[in-house]
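Biologist: Could we go through this model together? I would like to discuss a few local features.
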Amino acid sequence: MASDILVVDDEPAIADTIVYDATAPTISAVGSSNITSSSATIGWTTSEPATSQVEYGTTTSYGSASALDPAMLTSHSVALSGLAAQTTYNYRVRSRDAAGNERIGANNTFKTLGGDTTPPSVLSFSATKLATS
């Protein structure tokens, strides 16, 4: 009687297929929103669940990074705060999948809003008496 089970040293062998993920997630729809004089939100999507992090700064050397969010998501949103008013920021996003494959997005920019907090001053004032009837 023929058998399809491989037997080695009188023990049946177990065959298994291992799939190795060597592909980093694809990053798309990168953009900035909710921009104020001191904060901005960076959003993007990935082709598979992955972590979230944003590098940012006033040059393409960046210099700052958000905390790594280890949650495995496909829709990402990172809030940046403590930014300088009326400043152009460079940023790029980073995402790593469960297998450790990382993708770094292209450089993008946004500009924070003006932060003028000086109240207006009155330079002159005049009053005119109105006639009463």
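Biologist: Is Tyr62 buried or exposed?
Modeller: Tyr62 counts as buried, at 11% relative accessibility; buried means under 20% relative accessible area, exposed over 50%, and partly exposed in between, with a 1.4 Å probe and protein chains only. This is a predicted model, in which local features need pLDDT of at least 70 and side-chain atom pairs count only at pLDDT 80 or more, while totals for chains, interfaces and linings use all residues. Residues are numbered from 1 along each chain as its sequence is written, and side-chain values use heavy atoms, leaving out hydrogens and water.
Biologist: Where does Tyr62 lie?
Modeller: Tyr62 is in the loop between strand S4 (39–57) and strand S5 (64–65). Strands (E, at least two residues) are DSSP runs, numbered from the N terminus. The phi of Tyr62 is near 60°, a positive value in a residue other than glycine.
Biologist: What is the phi of Ala29?
Modeller: Ala29 has a positive phi of about 55°. Most residues other than glycine have a negative phi. Ala29 lies in strand S3 and is exposed, at 62% relative accessibility.
Biologist: Changing topic, how many salt bridges are there?
Modeller: The count comes to four, where a salt bridge is a side-chain nitrogen of Lys or Arg within 4 Å of a carboxyl oxygen of Asp or Glu.
Biologist: Which residues are linked in a network?
Modeller: Salt bridges link Glu55, Arg92, Arg94, Arg96 and Glu102. Glu55 meets Arg92 at 2.6 Å, N to O. Glu55 lies in strand S4 and Arg92 in strand S7, so the pair ties together parts 37 residues apart in sequence.

Methods. Helices (H or I, at least four residues) and strands (E, at least two) are DSSP runs, numbered from the N terminus.
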